[in-house]
Amino acid sequence: MELVKQNNPQKVVRATKRKKKLSTDHMMALAFLLPSFILIVIFVYGFIGWTGYVSLSNWNSLVPDFSFVGLKNYLYLFGDFRFQADLRNTLFFTILFIGLVIIFGLTLAILLDQKIKGESVFRNLFFFPMALSFVVTGVVWQWLLNPSTGVNLFLKTFGIQPKWYTDTTILAGFKWGQIEFGLPVAMIAVGIAAVWQMTGFSLAMYIAGLRGIPDETREAARMDGATELQIYWKVILPQLRPITVSVIIIMAHISLKIFDLIYSMTGPGANFVTDVPGVYMFETTFRGNYYANGAAIAIIMLLSVAIFMVPYLIRSRKGEA
Amino acid sequence: MVLRSISKPLIYVLLIAVSIFFLMPIYVLIITSLKPLEEITLSNMWKLPSVLDMSSYSEAFSKLAPNLMNSFYLVIPATILSAMLGAMSGYVLSKWKFKGSEILFTLMLFGMFIPYQSILIPLIQFLREVGLYNTILGLILVHVVYGIPIATLMFRNFYVNIPDEMIESAQIDGANFLGVFRHIMIPLSISGFVVVAIWQFTNIWNEFLFAVTITTSDQQPVMVALQNLSGSQIVQWNVQMAGALLAALPTLIVYILLGKYFVKGLLAGSVKG
């Protein structure tokens, strides 16, 4: 492996002069990088390959059975009531979650941008759930949204008593495959907890973005006679677009692999109204010993993340170079 | 500055309303954990406790203490090791670039975003083979390995900003690869180490999927033990809330003391740089 330090033509001259020393440097550089590289190759790419192999095998009991069955496990899953429900739940949860996190994060960032007193107090308050575990969040919100107590004690005065995560209603549902396709009301409850935890992320991103916009930009727009609202709508928001893209991608990958929050808050739920692939994979693999099915779920999860993560990574890395 | 003249009070009202939403779970968590069990009824969830009762804390602590220790045994070495590996590979990938190093870096980064379910089955087979299944050592290994991408990213982005001239002049003075790393890169990246360490500490402490699948009972970190509290017979809400607070305390303290670095880590994870 040839090590070339970029943008440095003198290096070549020096390299010939001090060949011996630089070649030990090369060896050292290799020794620094190699452990990480090998670990990633094995534990990420090798293991993904192995999971893919398991997903095509017949290993659906305690005893490993690697006989090849093709796409049988995938076909089973796509016809399975529970997995269809998972896909539906993930879809609506992702839309709800990303939408709310962006609206909340952006609104709060703009409000905090108004040179208000106590800005840092508010900021730290909105950030702190990020430091908590999804398990803690799940445990607390499970109680807050318990239909017979929690926030319902307040809502009683308005005469509404939502059933939150125990609600099995599917909004605007119609029969599709095995399932009722539509927004599962119970997922809204999970969404509230997730938004509570993750809004801090988009807020931090938007605050960083707003700080990156020079005051002159706003001044110039103001000179041109733009109202303050127009400045935000026409000048600032378009500049924040790359940030919105990053937030969407990062939140989407969190949403697609979500497990701990739902596992600790609701579990799969009645009729699987709060089930997601992450929970199904865990239960079917480690509680039911359906390893090949679990591997197939895992591969589907991976593909769903990779579809937009890979282009994002490539673009993000190219943009930097 | 924007809507100042028109609606400053409105802004405060909005911010305070959102603050209440953010604090509500913490309020419930604290007051519930301080109530005696008989005072915990569905209807007086929001009421302050009539007497301060710390017994739920002693009960939660006696149940969680071994697992809290497990978490510390796990988090401290895993954090240090992954920061070291990240600094090493970040140094090479920023200052000793070679043909294909950018592609290699992108390939490493992908490891940060995979759903860990997609490596879990082989991982557990592997840990069983080498005798590390159901051990804290096994969990340390797992967190070090899967922490490499984010730690590398953070250090690489940090090191890119150290001017090449500094390294060149050190090399002219006779410093070799290791000398540059020890005398220039490490001293200049102390705050980078803090960011990475806090990020890894928080993430590994809070992690659940590896913890619940790789360890059982007495080897389990605190988050699994907390989750198990709710699974046991009748849910004692006061004990569970006290447990949640105990389990969250280390990361909360880190956040309160070093929140600035935590947010830096948060932003670094979005891959720009």
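Begin with the salt bridges, each a side-chain nitrogen of Lys or Arg within 4 Å of a carboxyl oxygen of Asp or Glu: the count over all chains comes to 9. The model is predicted, so local features need pLDDT of at least 70 and side-chain atom pairs count only at pLDDT 80 or more, while totals for chains, interfaces and linings use all residues. Residues are numbered from 1 along each chain as its sequence is written, chains are lettered from A in the order in which they are written, and side-chain values use heavy atoms, with hydrogens and water left out.

Select E119(A) and R123(A). These two form a salt bridge, with 3.1 Å between the closest N and O atoms. Both sit in helix α5 (residues 119-127) of chain A, and because they are 4 residues apart there, about one helical turn separates them. Helices here are DSSP runs of H or I, at least four residues long, and strands are runs of E of at least two, numbered from the N terminus.

Next, colour chain A by pLDDT, the predictor's confidence in each residue, from 0 to 100. The chain averages 88, and 92% of the residues score at least 70. Over residues 1-13 of chain A the pLDDT is below 50, yet this stretch has 21 contacts (heavy atoms within 4.5 Å) beyond near neighbours in sequence. Where pLDDT is low, the predicted coordinates should not be read in detail.

Now show both chains. The contact takes in 107 residues from chain A and 101 residues from chain B. About 9900 Å² is buried between them, 75% of it on carbon and sulfur atoms; buried area is the accessible area (1.4 Å probe) that two parts lose on being put together, summed over both. On the chain B side, select helix α1 (residues 4-33), which gives the most to the side touching chain A, with 17 residues.

Chain B has 11 helices and 0 strands, and its C-alpha trace spans about 75 × 65 × 30 Å along its principal axes. Its mean pLDDT is 90, and 95% of its residues reach 70 or more. Within chain B, confidence is lowest in α1(B), at a mean of 87, and highest in helix α4 (residues 117-129), at 97.

Last, select helix α2 (residues 55-95) of chain B. This helix has 41 residues and reaches 56 Å from its first C-alpha to its last, close to the 60 Å expected at 1.5 Å a residue, where the expected span is 1.5 Å times one less than the number of residues. Zoom to L64(B): α2(B) bends there by about 50°, and a proline, P66(B), follows within four residues. The bend is the angle between axes fitted to the seven residues ending at a residue and the seven starting there.
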